Amino acid sequence: MKLNKVLALALSGVMAVSMLAGCSGNPGNGGQEGEGETPIVESGAAASVIAALDGDTTAKVDFSSSNSLQTTLETAIRYVGLDSSSNNAGAILAAMKKIDTNLPVDRYLPYVGLSTDTENTDKVAQSMMNVIALDTYIGADEAYAARQLAAMVDGQEVSYVNASSHTYTCADLLDNSRTYDDGENNGYWYDFDYSGDMAFASVTDAVTGQVTYVVAYTVTRTPTKTNK
């Protein structure tokens, strides 16, 4: 019996030492994991950004909130992470395109309607995608961010900049164009309809309280051939 008690006490001592050794290693491991943690993404309302868009933009592009784009945006943010770098938007955009290969590749819609264009320029639907990251001051709310992001969407280049360096925004997208199929000035007329998807997310820095708001949006141009 005495031998059993001695053995039991010895085993208890070994277990206690092992537990202390394990506990002493946890803070270091936990710190390393914590440093690599991805930011928590809080979904915002893309509808608030859409509502803040300029009337000229919404009259041209029919924007709506997209659940699938929202999911892709949040996944990309968790993968890329956010900091004070101005490269946030570009990194998120690239990550989103890798996550969802069906997203548009181009950031700009083509400028169309030039005499050198062929019918192929206009007869197929074409899409673009862009991402904007806004680093706000501490205490800025979602309403403020929505207005700022909407103004950026209004002013972003959405189509090709031609030789005269004129930049086309959402409001400047062409309503229609004529493309020529031969050298005899015989062409096709196309009317264009534009639709857009939008997603909106925010990330709060746990240390500084700084909030970064991100909006991702696509614009798709659908042509309708009216006559020759």
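Let's start in the middle: the largest nonpolar core has 28 residues, and V49, F63, L149, M198, Y217 and V219 touch the most other members. A nonpolar core here is a set of buried Ala, Val, Leu, Ile, Met, Phe, Trp, Tyr and Cys residues joined through side-chain atoms within 4.5 Å. Buried means under 20% relative accessible area, exposed means over 50%, and partly exposed is in between (1.4 Å probe, protein chains only). Keep in mind that this is a predicted model: local features need pLDDT of at least 70, side-chain atom pairs count only at pLDDT 80 or more, and totals for chains, interfaces and linings use all residues. Residues are numbered from 1 along each chain as its sequence is written, and side-chain values use heavy atoms, with hydrogens and water left out.

The biggest giver is β5, with six residues. These helices (H or I, at least four residues) and strands (E, at least two) are DSSP runs, numbered from the N terminus. Apart from this core lies another one, of 18 residues, with A89, I92, M96 and M129 among them.

Now zoom in on Y217. Leaving out residues up to four places away in sequence, Y217 touches F63, L69, M128, M129, N130, I132, V153, Q156, D197 and M198; contact here means heavy atoms within 4.5 Å. Is Y217 buried or exposed? Buried, with a relative accessible area of 0%. F63 is buried as well, at 8%.

Next, the rings. A search of the whole structure turns up three aromatic pairs. Rings of Phe, Tyr and Trp (its six-membered ring) pair if their centres lie within 6.5 Å; planes under 30 degrees apart count as stacked, over 60 as edge-to-face and the rest as tilted. F63 and Y217 have ring centres 6.2 Å apart and planes at 75 degrees, so they are an edge-to-face pair. This pair links distant parts of the chain, since F63 sits in strand β2 and Y217 in strand β6, 154 residues apart. F200 and Y213 are a stacked pair, with 5.7 Å from centre to centre and 25 degrees between the planes. F200 belongs to strand β5 and Y213 to strand β6, so this pair ties together parts 13 residues apart in sequence. Both F200 and Y213 are buried.

How do the strands themselves line up? β5 and β6 run antiparallel and are joined by 16 bridges, where two strands count as paired if DSSP finds at least two bridges between them. Y213 in β6 shows up again here, as the bridge partner of S202. The two strands, β5 and β6, form a hairpin with six residues between them, and G209 in the turn has a positive phi of about 80 degrees. β6 also runs antiparallel to β3, with 10 bridges joining them. I132 stands opposite V215 in β6.

The structure holds one salt bridge, meaning a side-chain nitrogen of Lys or Arg within 4 Å of a carboxyl oxygen of Asp or Glu. The side chains involved are those of K60 and D175, at 3.6 Å from N to O. K60 is in helix α3 (residues 55–60) and D175 in the loop between α7 and β4 (176–180), so the pair ties together parts 115 residues apart in sequence. K60 counts as buried at 15% relative accessibility, whereas D175 is partly exposed at 46%.
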